[in-house]
Structures are given as structure tokens and as C-alpha cells.
Amino acid sequence: MSNLVKLGEKPRIVLDSFFEPMYETGPDALPVFKMFLGGEWVSSNIGGTFNVYSPIDGSLIAKVAKATVKDAENAIDSAYENKSKIRAIPAIDRLEIFAKARELLLKYENDFKNIIVTEMSKTLEGAEGEVNGVAERLRLTMEETRKIYGEYLPGDWVGDTVGKIALVIREPKGVIGAIGSFNYPFFIPAAKIIPALLAGNAVVAKPSSDTPITLLMFGRILEAAGIPKGAINIIPGSGREVGGTIVKSEKINMISFTGNTNTGKQISTVAVLKDLHLELGGKAPAIVLDDSDLDLAAKKCVEGSLKHAGQRCDAISRILVQENIGETFVKKVLEEVEKWKMGDPRDPETKVGPLINEQALKKVDELVKDAINKGATLLKGGKYEGLYYEPTVLNNVPLEARIAWEETFGPVITIIRVKNLDEALEISNRSEYGLDAAVFTNSFYNVWKAAKALQDGEITINDAPAHGVGNFPFGGIKDSGLGREGLGYSIDEVTSIKTIIFNLEPADLGKKRIPHF
Ligand code: NDP
């Protein structure tokens, strides 16, 4: 990656001149990023900013305009006033804008990868995966929006609609509020914004305050690709103030939110009479049975637990292993963990980087210590330096431990012993979450029994869960959320159905059979 600041040097932001309209350079040589409001790059209305630090070593890397409630209201007004503009663009021309956006994204892909590594501390491989994921999502959503056709319904199958026909069409919902989490700073908001705009909606987006820069850069790409002014607004700022203003605005028709379950619950109490798409927390179990390929299970369980330092909603967050193979499985897990080197994410050898912030680190450490106090055996890790939490293996974790139930969001492998599949299913389903589950077995009957019994939105057989680009739909039940994310499913979420009924009776093309229904 050409302009990534070298390993050993202080992390800092280096961007191509294409991104210059987005920021000014402050007296301390730090970039001060603006927000994208009404098609212009502007400062906060009272000039406030907030700091962005790199988890690599805690360096201050940028200041970002901190939107106020007034800025948020202006952004919402701008989207509301301009929603008809994006809707009026013929679909074929909207596709042209996004083809151009994809071209630009690929041209500046290294800038995006570098910023993801610098602001979120994803590994080089992880950052590359995320940027490629957005480029692919863009390409595939362009194909998918071509399928917004609707339906023709004949009326003469039912007595009271004889003599009528209906067209069922899909229309953009209007203004979509998109609020994203820190852990996929680019992919998650992009996966909301791309289908929303392509389907003809206007958007007000708020990035996570930990990782706001990548999304602002996407705003610059969309601007240069020719998106109409005001159709996309990106306003960084406080979750409570800016997020809260978006969520309760009557001018916003739908909230698409990814984040913590508690935040999601709070949003659902405020977003009255709005469509909600909530992608919330998870506590994915991996059930490992004695008829499984143990080498495969150990490799995938370690990968599923440690990828992106465990900061994934679809991370394997507890392993329920059948007790008669427990010892063999644990040995294999320990061998696999050796392959997961922790370190500076700019080092191509690194597979586990730091956690996002101090609060996240403290939570992980608290959960690990609580498990040990309640009787779990610490086989590896359990220590940290800066924001770097060592890949950790906890064996024989008792069900009384908080880590058996609470989302970990850190590089911890939590191994719980179970007698059999029935007990594994009972413990899996006792969780308040219902996002993902994995099952490792070579028995067709166990697969089917588990797949039918597990209360989760996505069940993965013989692999770690991974939501990926969205070819397979995903989303939660219970406390893991509402709605489904995926190529076509996301388009369904941002469009609503309108039924247009034609009465053919005047042309003597049919008569009602139930006249007074
Ligand atoms: P948070 O809930 O802390 O934050 C998510 C976003 O919500 C941020 O932009 C935040 O702003 C904003 N926000 C905070 N409070 C409010 C509010 N009252 N009203 C509106 N917006 C608000 O989540 P994290 O960023 O910590 O993300 C991690 C969580 O996301 C995990 O629980 C993870 O499982 C979940 N997640 C779920 C996925 C899924 O597909 N189901 C995918 C990825 C993550 P600010 O940053 O300014 O506080």
C-alpha cells in the first residue's frame, strides 16, 4: 500500500490530493475533516471538532467536525428537500453515477485501506477485504436494483376483484437515516447507503465517532461521481445528539442501524412509526460434536473467534464442545492459536491488532477475569499492553461466567463443555441473542436437527459464520435485531410496496361477484 505510514513510525493520515476538499490542515499539521452537508464540505455551525485517535499507539490522527443538533436538522432538511431529485433521475443514469463511484473507489482503494488500518487498526488483510467488499457490493447492488420490477396481479381469482387488475410496484421510502458501528467503518454504512441511493432514496448518515473518516471519504467519492447535492449527507458527531436527532425526526422514513443491542433498543423506543432495520449484537455459539472433522472445527473456531480481534457481530463467541472430545479439541485449538500473531496491524504478518478503545479493552478484561474467578482455566493470554489484548483461551468455562452470555467483542476463545447436542442446543438458545450459530458435525441428521432447533438468523454448517458481501441474507432474531441485510434483501428494506388498481368494468371486461363486500 503506497502511502501507508511505515511500521515503527507514528500513525498519521496521508491522502491523495483528490480528498483535499474534505479537510483543512490545522496549525499542528493535523487534518481537520469537514462534514458533507447539502453537497458541501462544511464545518460544524459552531466550529466544534472531536479528536480521532489511532488504536495502533493512541496517537491523535485527526480532528473531525462535530455536528450539532442544528447541523443534524440541516442535514435532514437537505435530504428531505432533495429526495425528489435523486428519485427523478432515471434508473439508468443512477447506475451510471454508481459505475463512476466504483471506478473512483478502485482508483483510490489504497487510501481507503490505509485509513481503515490507521483509524480502526484492522489488519492489512482485513482492510483490503473490507474495501474489496464495498467495491463488490457496489457492483452487485447495481445488478440487483435492475430487478426492482414489481408484479401484475389478475383480479378474477377472487369474487370482489373480478373486473380489476393490479400492479404492485416498489418505490423508494424517502429519506433513510443510516447509523453505523465502528467495526466495519466502511462496509456497514456503505451497505446501507448504496442500496438506499440506488433505489432512489436520500440519506442522512452518521458514522461511529471512533472511525468517522472512511465514510466521509466515501462521501467525496459519491460527490465526484455526480450524486445530486443533498441526496447524501454525512454528519459525524455524538450518538446521543446527532444520532438521536436523526432517529426522532419526522422527516426520516426509515432508520437503518448497526450497533449495540442497548442502543438499538433505545432507538426503537424513539423512532415512532418509522421502518426499522436493526443489526445488533450477537453471541454466536459454535457447536462441536464428536462426529465432526476436529481439525477443521479447531481451525474454523479459532478463525471465527480471533478475526478482527473478535470485534465482529458474527464472531464465534462461545464454543460448545462435546465433552468426550474436549481434550483433543482443546489441544488442536491451542496449536491453531499459535498461528494468530498479535501486533501492529501495519505488519503484514499480524493477524490480531489492537482493540478499538480503552472501554472495549476493559470490558474484555473484565469478562476474562470474571470467568477465571468463577472457575474457568486460562490456557493462554489474559494479558494486555496498550489496546493490544493477547489472543486468549479459556477452557471449561462455567455457565455462571458472564462471558458465557455477554457479547465479548475481543480475541477470546471461550470453551464450554456439553454432554450432547441436546444440551448444546438448550444452552445456545438460552441466550438473549439470535444472530449466528455454527455447527460442526458430519451427521446429516445432527445438521438438520440443529438447524431447525437453533433460534438464530443464520446457521452455518462446518464453517465459521461470516456475513461477507451479502450474497446470503443475514440478520437477527430476539435481541439481535430486525430485518434482513443482503443484496436483494437490503433493497427490499429501503423500498415500500404500492398497489395500483385498475377497474376494467367500464370497458365491460368483467363484473364483481361480491358487490357489497
Ligand atoms: P454502538 O451502539 O455503541 O454505536 C453504534 C452507532 O450508534 C454509533 O454511530 C454511535 O455513535 C450511534 N449511537 C450511539 N447512541 C445513539 C443513540 N442514542 N441514538 C442513535 N445513535 C446512537 O455500537 P458499536 O459502534 O460499539 O458497535 C459494536 C456493536 O455493533 C456490537 O454490539 C456488534 O455486535 C454490533 N454489530 C452488529 C452487526 C450486525 O450485523 N448485526 C454488524 C456489526 C456490528 P457514537 O459512535 O458517536 O457513539
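## Helix H2

In this predicted model, the residues of H2 that are buried are Arg 94, Leu 95, Ile 97, Phe 98, Ala 101, Leu 104 and Leu 105. Several of these positions can be read against helical geometry. An α-helix has 3.6 residues a turn, so residues three or four places apart point the same way. The cover over the buried residues of H2 includes helix H1 (69–88), H3, H4, helix H5 (187–198) and H6.

H2 comprises 17 residues. From its first C-alpha to its last the helix reaches 24 Å, close to the 24 Å expected at 1.5 Å a residue.

## Helix H3

Helix H3 spans residues 109–120, twelve residues in total. Its reach from first C-alpha to last is 16 Å, close to the 16 Å expected at 1.5 Å a residue. Ten of the twelve residues are buried, and H3 is thus mostly covered. The buried set consists of Asp 111, Phe 112, Lys 113, Asn 114, Ile 115, Ile 116, Val 117, Thr 118, Glu 119 and Met 120.

Ser 121 follows H3 and has a positive phi, near 65°.

## Domain arrangement

The domain assignment of the protein gives domain 1 as 68–280 + 486–495 and domain 2 as 284–461. Taken over C-alpha atoms, the centres of domain 1 and domain 2 are separated by 32 Å. Contact between them involves 15 residues of domain 1 and 18 residues of domain 2.

## Salt bridges

The model contains 35 salt bridges. One of them joins Arg 170 and Asp 492, with the closest N and O atoms 3.7 Å apart. Arg 170 belongs to strand S8 (residues 164–172) and Asp 492 to helix H14 (residues 487–493), so this pair ties together parts that are 322 residues apart in sequence. Arg 170 has a relative accessibility of 28% and counts as partly exposed; Asp 492, at 38%, also counts as partly exposed.

Another salt bridge is formed by Asp 275 and Lys 173, whose closest N and O atoms are 3.0 Å apart. This pair links distant parts of the chain, 102 residues apart: Asp 275 is in strand S13 (residues 275–279), while Lys 173 is in the loop between S8 and strand S9 (175–179). Asp 275 is partly exposed because its relative accessible area is 37%, whereas Lys 173 counts as buried at 16% relative accessibility.

Asp 344 and Arg 346 form a further salt bridge, their closest N and O atoms lying 2.9 Å apart. Both Asp 344 and Arg 346 are buried.

Asp 456 is located in the loop between helix H13 (444–453) and strand S23 (458–461). Side chains of opposite charge can pair when their charged atoms come close. Asp 456, however, is buried and has no salt bridge. The nearest side chain of opposite charge is that of Arg 318, 6.0 Å away; the cut-off for a salt bridge is 4 Å.

A polar atom of the side chain of Asp 456 lies 3.4 Å from the backbone nitrogen of Leu 435. Leaving aside neighbours within four places in sequence, the residues in contact with Asp 456 are Tyr 433, Gly 434, Leu 435, Asp 436, Ala 437 and Ile 477.

Methods. Residues are numbered from 1 along each chain as its sequence is written. This is a predicted model: local features need pLDDT of at least 70, side-chain atom pairs count only at pLDDT 80 or more; totals for chains, interfaces and linings use all residues. Side-chain values use heavy atoms; hydrogens and water are left out. Helices (H or I, at least four residues) and strands (E, at least two) are DSSP runs, numbered from the N terminus. Buried means under 20% relative accessible area, exposed over 50%, partly exposed in between (1.4 Å probe, protein chains only). Lys and Arg count as positive and Asp and Glu as negative; His and the chain ends are not counted. A polar contact is a pair of N or O atoms within 3.5 Å; within protein, one must be able to donate a hydrogen and the other to accept it, and residues adjacent in sequence count only if both atoms are side-chain atoms. Contact means heavy atoms within 4.5 Å. The expected span of a helix is 1.5 Å times one less than its number of residues. Domain bounds come from an automatic or database domain assignment.
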